[in-house]
Amino acid sequence: MDVIRSFTDIIKEVDTEGTEPMFSGIDITCPYRSDEEKEKIPSSSIIDIAPDREGEFVAVERMM
């Protein structure tokens, strides 16, 4: 964690005065698509095919 903190301290020292915020280092535009509602899958169908379930929930292994 100390390495990460020292790296962020270095970045904080960079003069960004007059620099516009950006999402990416390259100038691209993302086309937007229309938000269309699609056919919904009943949750019971998903639960029925789940390899492991607990009642109305799909059981998954702990990740952390």
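Visitor: What should I know before we start?

Guide: Residues are numbered from 1 along each chain as its sequence is written, and side-chain values use heavy atoms, with hydrogens and water left out. Since the model is predicted, local features need pLDDT of at least 70 and side-chain atom pairs count only at pLDDT 80 or more, while totals for chains, interfaces and linings use all residues.

Visitor: What makes up the protein, in helices and strands?

Guide: You'll find two helices and two strands, in the order α-α-β-β along the sequence. Helices (H or I, at least four residues) and strands (E, at least two) are DSSP runs, numbered from the N terminus.

Visitor: Why is Gly18 called exposed?

Guide: Exposed means over 50% relative accessible area, buried under 20%, and partly exposed in between (1.4 Å probe, protein chains only). Gly18 has 76%, so it is exposed. Gly18 sits in the loop between α1 (2-12) and α2 (43-49).

Visitor: And why does Val58 count as partly exposed?

Guide: Val58 has 41% relative accessibility, so partly exposed is the word for it. Its place is in strand β2 (residues 57-58).

Visitor: What makes the nonpolar surface patch?

Guide: Ile41, Ile46, Val58 and Val60 make it, and it covers about 390 Å². Patch residues have over 30% relative accessible area and no salt bridge; nonpolar side chains (Val, Leu, Ile, Met, Phe, Trp, Tyr) are joined within 5 Å, like charges within 9 Å. Val58, at 41%, passes the area cut-off.

Visitor: How does the protein's radius of gyration sit against a compact globule?

Guide: The protein has 23 Å, but a compact globule of 64 residues would have a value near 11 Å. The radius is taken over C-alpha atoms, and the globule rule is 2.2 Å times the number of residues to the power 0.38. Buried residues make up 5% of the 64.

Notes. Areas by Shrake-Rupley, 256 points an atom, 1.4 Å probe, with all protein chains shown as cover. Salt bridge = Lys/Arg side-chain N within 4 Å of Asp/Glu carboxyl O.
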